[in-house]
Amino acid sequence: MPVEFNAFDRTAMARALELAERGLATTHPNPRVGCVIARAGRIVGEGWHERAGEAHAEVMALGAAGAAAAGASAYVTLEPCSHFGRTPPCADALIQARIARVVFAIEDPNPGVGGAGALRLRDAGIEVESGLMAREAEELNVGYLSRMRRHRPWVRIKLAMSLDGRTALANGKSRWITGEAARADVQRWRARSSAVLTGIGTVLADDPRLDVRAGTVRDQPLRVVLDSRLRMPPDARILARPGEVLLFSTSDEPARRSALELQGAKVERLAQARPDLGQVVARLAELEINEVMVEAGPTLAGAFVQAGLVDELLLYIAPLLLGPQARALLQLPELTDLAQGSRFIMMDTCAVGPDLRLRLRPA
């Protein structure tokens, strides 16, 4: 029988989700989790996980509730952990606080948890219910869940184009197609990403920083560059900023590698003549990368689409026309039938200053 949740249950879980969202840019590689402790229809404690290695949401909420936690209900956006990681198990903390009921949104697919947290709570005599606002909790942690379930991060491609689907003039000039508000919005999406990925062509053409400049972030996302022949200039701006830079290359030229490593870059050599995107994505999962923001030119962005590795498109549309001579949005093979096209589902649309942002996922 499906669990019947009441109005207060929904209010409490909605608040827990709000709290979890505060960790949008800081919890990597951990999931974003919020917790609310309530009794008799009143919230007595709340908390959220801010950073890996620091207290989890349940521990923060229990600390805020104090003695009032005994006999209360805990609302958590993710199944409480049952294993020792960077911190002790949250299930044990809930048991020790004598919580009477735990409601969580979704099960944690981490092999170290995977239902064990709920089982431990039930074995201790605590009433456990799940599934409340599961869709919202899934959306909050698409990257973490992807890494645990599919062994690959969530890949989000950011693109900006004119009304006629062009990204740059024929001479390569593209700054700026979109307005200041759209660029600020990109910073927020960048901040929630564990890594930002581009190709060496973009680095050589635009010399981008690919860092997060808007708002406050504790850590910069990992910047990843696909650079087959190690053409990265040692004075590139991407190397001069705070944070880590990882280059995937197929070259074994020691002098170039040494010069880049002296600038702080880490170089990983791939066996193929050209970087295999599937291998790159799998390696990023091994590095505990949850969400990847791809900010690249039409060739690399198109290659991700062709490889079936795109989970989401973030498409900014500027109200201008550039003409047929301007550069196309993506480099894709010629099709002979409309049915061969890659179809996407519109998740949402949003006006960002004078521009329009579309968020799409593969159909």
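In helix α6, the buried residues are Val142, Gly143, Tyr144, Leu145, Ser146, Arg147 and Met148. Because 7 of the 9 residues of this helix, which spans residues 142–150, are buried, the rest of the structure largely encloses it. Histidine 151 follows α6 and has a positive phi, near 60 degrees. These descriptions, like those below, refer to a predicted model.

The largest nonpolar core comprises 43 residues, and Met13, Ile37 and Ile99 have the most contacts inside it. Helix α1 (residues 7–21) supplies the largest share of this core, 6 residues. Methionine 13 touches Tyr75, Val76, Thr77, Val103, Phe104, Ala105, Leu132 and Met133, leaving aside residues up to four places away in sequence. Another core, of 33 residues, lies apart from the largest one, and Leu226, Phe248, Val305 and Val310 are among its members.

Over the whole structure, a search finds 31 salt bridges. One of them joins arginine 156 to glutamate 291, with the closest N and O atoms 2.9 Å apart. This pair links distant parts of the chain, since arginine 156 belongs to strand β6 (residues 154–161) and glutamate 291 to strand β12 (residues 291–294), 135 residues apart. Arginine 156 counts as buried because its relative accessibility is 1%, under the 20% limit. Glutamate 291 is likewise buried, with a relative accessible area of 1%.

The side chains of aspartate 185 and arginine 188 meet at 3.4 Å, N to O. Both residues lie in helix α7 (residues 180–191), and because they are 3 residues apart there, about one helical turn separates them. An α-helix has 3.6 residues a turn, so residues three or four places apart point the same way. Aspartate 185 is buried, at a relative accessible area of 7%.

Arginine 190 lies in α7 and glutamate 295 in the loop between β12 and α12 (298–306), so the pair ties together parts that are 105 residues apart in sequence. Both glutamate 295 and arginine 190 are buried. Several of the residues described above belong to a network of salt bridges that includes Arg156, Asp185, Arg188 and Glu291. Also linked in this network are Arg32, Glu139, Arg192, Glu312, Asp348, Arg357, Arg359 and Arg361.

Glutamate 79 presents another arrangement. This residue is found in the loop between β3 (73–78) and α3 (90–96). Glutamate 79 is buried yet has no salt bridge. The side chain of glutamate 79 instead reaches the backbone nitrogen of glycine 117 at 3.1 Å. Leaving aside residues up to four places away in sequence, glutamate 79 touches Phe104, Ile106, Glu107, Asp108 and the residues Val113, Gly114, Gly115, Ala116, Gly117 and Ala118.

Finally, arginine 175 occupies the loop between β7 (166–168) and α7. Arginine 175 counts as exposed because its relative accessibility is 55%, over the 50% limit. Arginine 175 and aspartate 206 are 31 residues apart in sequence, and their C-alpha atoms are 9.4 Å apart in space.

Notes:
Residues are numbered from 1 along each chain as its sequence is written. This is a predicted model: local features need pLDDT of at least 70, side-chain atom pairs count only at pLDDT 80 or more; totals for chains, interfaces and linings use all residues. Side-chain values use heavy atoms; hydrogens and water are left out. Helices (H or I, at least four residues) and strands (E, at least two) are DSSP runs, numbered from the N terminus. Buried means under 20% relative accessible area, exposed over 50%, partly exposed in between (1.4 Å probe, protein chains only). Lys and Arg count as positive and Asp and Glu as negative; His and the chain ends are not counted. A salt bridge is a side-chain nitrogen of Lys or Arg within 4 Å of a carboxyl oxygen of Asp or Glu. A polar contact is a pair of N or O atoms within 3.5 Å; within protein, one must be able to donate a hydrogen and the other to accept it, and residues adjacent in sequence count only if both atoms are side-chain atoms. Contact means heavy atoms within 4.5 Å. A nonpolar core is a set of buried Ala, Val, Leu, Ile, Met, Phe, Trp, Tyr and Cys residues joined through side-chain atoms within 4.5 Å.
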